[in-house]
Amino acid sequence: MTDTGDPVRAFRETLPLHLRAQLHETQRIGGLVYAATQRGWTIPALSTEATRNLGGIVNPGGVITSRLEHCARHDPPVKPPKTRPEWCGVCDPDTRHVLDVNGYPDAARCPQCHPLMGKVHA
Ligand SMILES: [Zn+2]
């Protein structure tokens, strides 16, 4: 990573002014931004994640802080692998979700061959 400068400041600078004014707990946010960047989050990705769908939210500063807390504890999303695991032959081959009693894809991912099932973090 080519990090020059202060990630916290860089993060704040991605925010609209009215949101910057909402971030009172700067020190706490600083620790969260730093922790998230250590996990591989980029500042733009972090900013996008922290500020999405803030319309109508009464306390955007609090929402941003809690989203940063989430980012600081979770790895950034990775692009799904191009190749999917081999189809198990039982679930829906397109969605890789298990089939319900009527033969339609259910909400549950196939534990055998859904691409995301093999990457569960402990
Ligand atoms: Zn399957």
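Trainee: Is Ser47 buried or exposed?

Mentor: Burial is judged by relative accessible area, with a 1.4 Å probe and protein chains only: buried means under 20%, exposed over 50%, and partly exposed in between. Ser47 has 8% relative accessibility, so the residue counts as buried. Please note that this is a predicted model, in which local features need pLDDT of at least 70 and side-chain atom pairs count only at pLDDT 80 or more, while totals for chains, interfaces and linings use all residues. Residues are numbered from 1 along each chain as its sequence is written, and side-chain values use heavy atoms, with hydrogens and water left out.

Trainee: Where does Ser47 lie, and which residues does Ser47 touch?

Mentor: Helices (H or I, at least four residues) and strands (E, at least two) are DSSP runs, numbered from the N terminus. Ser47 belongs to helix H4, residues 43–51. Contact means heavy atoms within 4.5 Å. Not counting residues up to four places away in sequence, Ser47 touches Phe11, Thr14 and Leu15.

Trainee: How many helices and strands are there in the protein?

Mentor: The protein has five helices and two strands, and from the N terminus on the elements run α-α-α-α-α-β-β. Of its 122 residues, 28% are buried. Among contacts with a separation of 6 or more, 46% join residues 24 or more positions apart.

Trainee: How is the packing of two helices described?

Mentor: Two packed helices are described by the angle between their axes and the distance between the axes. Axes are lines fitted to C-alpha atoms, for helices over the stretch in contact, and angles run from 0 to 180 degrees between N-to-C directions. Here the axes of helix H1 (residues 7–14) and helix H3 (residues 26–39) come within 9 Å and cross at roughly 105°.

Trainee: Which residues meet where H1 and H3 are in contact?

Mentor: From H1, Pro7, Val8, Phe11 and Arg12 take part, and they meet Thr26, Ile29, Gly30, Val33, Tyr34 and Thr37 of H3. The residues of this contact divide into six nonpolar, three polar and one charged. In this scheme Ala, Val, Leu, Ile, Met, Phe, Trp, Tyr, Cys and Pro count as nonpolar, Asp, Glu, Lys and Arg as charged, and the others, Gly among them, as polar.

Trainee: What is Thr65 in contact with?

Mentor: Thr65 is found in helix H5 and, at 4% relative accessibility, counts as buried. Leaving aside neighbours within four places in sequence, Thr65 is in contact with Glu25, Arg28, Ile29 and Leu32.

Trainee: Which residues coordinate the zinc ion?

Mentor: Donors are N, O and S atoms within 2.8 Å of the metal (3.2 Å for Na, K and Ca); water is not among the atoms, so sites may look incomplete. The zinc ion is coordinated at 2.3 Å by the SG atoms of Cys88, Cys91, Cys110 and Cys113. In sequence these donor residues are spaced C-x2-C-x18-C-x2-C. Cys91 lies in the loop between helix H5 (60–73) and strand E1 (97–99) and Cys113 in the segment after strand E2 (105–109), so the pair ties together parts that are 22 residues apart in sequence. Both Cys91 and Cys113 are buried.

Trainee: Why is the arrangement around the zinc ion tetrahedral?

Mentor: Ideal angles at a metal are 109.5 degrees for four tetrahedral donors. Four donors count as tetrahedral if all angles lie between 85 and 135 degrees. The four donor atoms here subtend angles of 98 to 115°, which makes the arrangement tetrahedral.

Trainee: What is the phi of Arg96, and where is Arg96 found?

Mentor: Phi of Arg96 is near 60°, a positive value in a residue other than glycine. Arg96 is found in the loop between H5 and E1 and is buried, with a relative accessible area of 7%. Asn53, in the loop between H4 and H5, also has a positive phi, near 50°, whereas its relative accessible area of 64% makes Asn53 exposed.

Methods
Tetrahedral: all angles 85-135°; square planar, octahedral: opposite > 155°, others 65-115°.
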